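Take a look at the fold shown here. We begin with a sheet and then turn to the charged side chains.

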Amino acid sequence: MRLLLHAASPSGLLTLLAATAAGVLPASSDRVIVFDSRTAAGRGVGEAIAAGLRLPTSDMCLDLGPRADAAAVVRSLAPSVVVLDAAAAASAERLATTASKARLVLFDDGGRAPSPTPSQLSRRTLERITDLVFAELIPGLRPVLLRERGDTLRRHPVPLPALREAAAAWAGAVAAPRRIQEWRSPGERTALVLGTELPELGPLAEAEAQRLAGRLVDAALDTGLRALAFLPGPGTGRADALRLAEAAAEAGLACAVLPTDLPAAVAHLLVAPALTLSVDEPWLLALRAHGGERVQSVATGRLLPRLASLCDARRPRLALTDAVLRRGVPLPEEQEDGAGDTLQQLLDAVAFAVAPERLSALRPSATRTLLHSPALRSAYVPTRLAKSLHLDEADAAPAAAAPSPQTPPGSDPQGTPRAGSPASPATPPAGRRGGPSRRGARGAAQDDAAPRSIPLPPHSTPRGVVGAASGLAVGAASGLRRWWQRGSSA
């Protein structure tokens, strides 16, 4: 059996390696990693491999970017399974169309999980996807990506410990530390800026990009730091680095641009920053979930009302980052019993507002959340967008009337597992270290009926699989309101 692994960025490649090490993706004897060096993120993948990144010995790497016969090459490989990167949906659609007989798996490094399914993926491609592999940056939070598939899709989280272990292995294999350390004084405390592409802001884009650079420098100064390290992310470029360098120089800060072949997780390990800054880089949330790291999101509160499109797919991700890092909404594992699944409510409501037709199953829960939490609605769902949804109290059926998005598959409307279901007492969900899950039935929704690893076609038998790594139905509206009042405008 041949696996074709689509890595659109260094972060995507890191997720694929972590999924393999955790046993989520099989370490078969015949795997081909493909990337496209015509994009900046794709070049980062090629540079990482050239810099000495250790890959499984059986993996072969193929740059499809410069090849005029890329489609013919993919067809000649005749893959049994194609693992597509959700971060590059247009490229993923081309690969899926070319490999028309292969089974499809969609994977995400955390950047697309909070957002609705990309529109670039055709209906036929979506119907062929059997599994979703996603980086579980916030344990217990269910992705919005492919939520419309319901129980017909197997979901496989890549645990945060596995991602951290893969990042540590990457950091130990490349020659970047010397390049990173030589620009700052020994022992100098540094702020790490994780670059992200700004959402579509129309004519405001240039002014907001300039303002963002100043905000990032101010955040470092407010913490008493005198050095900045900037990691360019997908969609960022030389202009972003120059803006930040100029703002840093005006403030008397040292500033260096890190290699583009480093995922955010690896750059964080190599720089060991006193503060990590970004707009909504997904790894910020992973650092917050891990604990012990000082992180700060910048400008989310300012950018949300300025999005050029009401239905921008970045709105849910910006809202999620803003809620956790600026307003202090607790993570699922930090919630008190009976407090309600507030973070999941928030994410689902904002995602529904952005794609109500695709996520129509979320209308009851989203309607309850948006109608009963006006502060949440005003923060993340503009009035024009809310009116376009035609929210009606009649749609806000009681949580017990129908399974909510948080109800584990195979459960009755009250969330009680049916006999023989994957979440029933006879088959409790496994925890990260092999014991009972600390998340209970709520977290079981993520693993819903899915085997621990991606099942292979019946005729396939991989030579080995690396062992697994160790390792939000509505709450009271008053419980939400106090969080929305926190934090100053960003």
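This is a predicted model. Start with its open sheet, in which five strands are arranged in the order S10-S9-S8-S11-S12. The pairing is parallel. Strands of a sheet pair through backbone hydrogen bonds, in either the parallel or the antiparallel sense. At the edges sit strand S10 (254-257) and strand S12 (295-297). Each of these two pairs on one side only. On average, neighbouring strands of the sheet are turned by 20° against each other, direction ignored.

Look now at one pairing in this sheet. Strand S9 (residues 227-231) runs parallel to S10, and the two are joined over four bridges. Take Ala229: its bridge partner in S10 is Ala256.

Helix H8 (residues 205-222) lies across strand S8 (191-194), S9, S11 and S12. Its direction is at about 165° to S11. H11 lies across S11 and S12. Against S12, H11 runs at about 140°.

Next come the charged pairs. How many salt bridges does a search of the whole structure find? The search finds 18.

One of the salt bridges links Asp348 with Arg147, where the closest N and O atoms are 3.0 Å apart. Are the two partners buried or exposed? Buried means under 20% relative accessible area. Asp348 has 2% relative accessibility, so Asp348 counts as buried. Arg147 has 8%, so Arg147 counts as buried too.

Another salt bridge forms between Arg317 and Asp280, with 3.1 Å between the closest N and O atoms. Arg317 lies in helix H13 (residues 315-325) and Asp280 in the loop between strand S11 (275-278) and helix H11 (282-290), so this pair ties together parts that are 37 residues apart in sequence. Both Arg317 and Asp280 are buried.

Arg327 and Asp322 also meet through their side chains, in a salt bridge of 3.0 Å from N to O. Arg327 counts as buried because its relative accessibility is 11%. For Asp322 the value is 0%, so Asp322 counts as buried. Some salt bridges share partners: Arg103, Asp131 and Arg154 are joined into one network this way.

Technical notes:
Residues are numbered from 1 along each chain as its sequence is written. This is a predicted model: local features need pLDDT of at least 70, side-chain atom pairs count only at pLDDT 80 or more; totals for chains, interfaces and linings use all residues. Side-chain values use heavy atoms; hydrogens and water are left out. A salt bridge is a side-chain nitrogen of Lys or Arg within 4 Å of a carboxyl oxygen of Asp or Glu. Buried means under 20% relative accessible area, exposed over 50%, partly exposed in between (1.4 Å probe, protein chains only). Two strands pair if DSSP finds at least two bridges between them. Axes are lines fitted to C-alpha atoms, for helices over the stretch in contact, and angles run from 0 to 180 degrees between N-to-C directions. Contact means heavy atoms within 4.5 Å.
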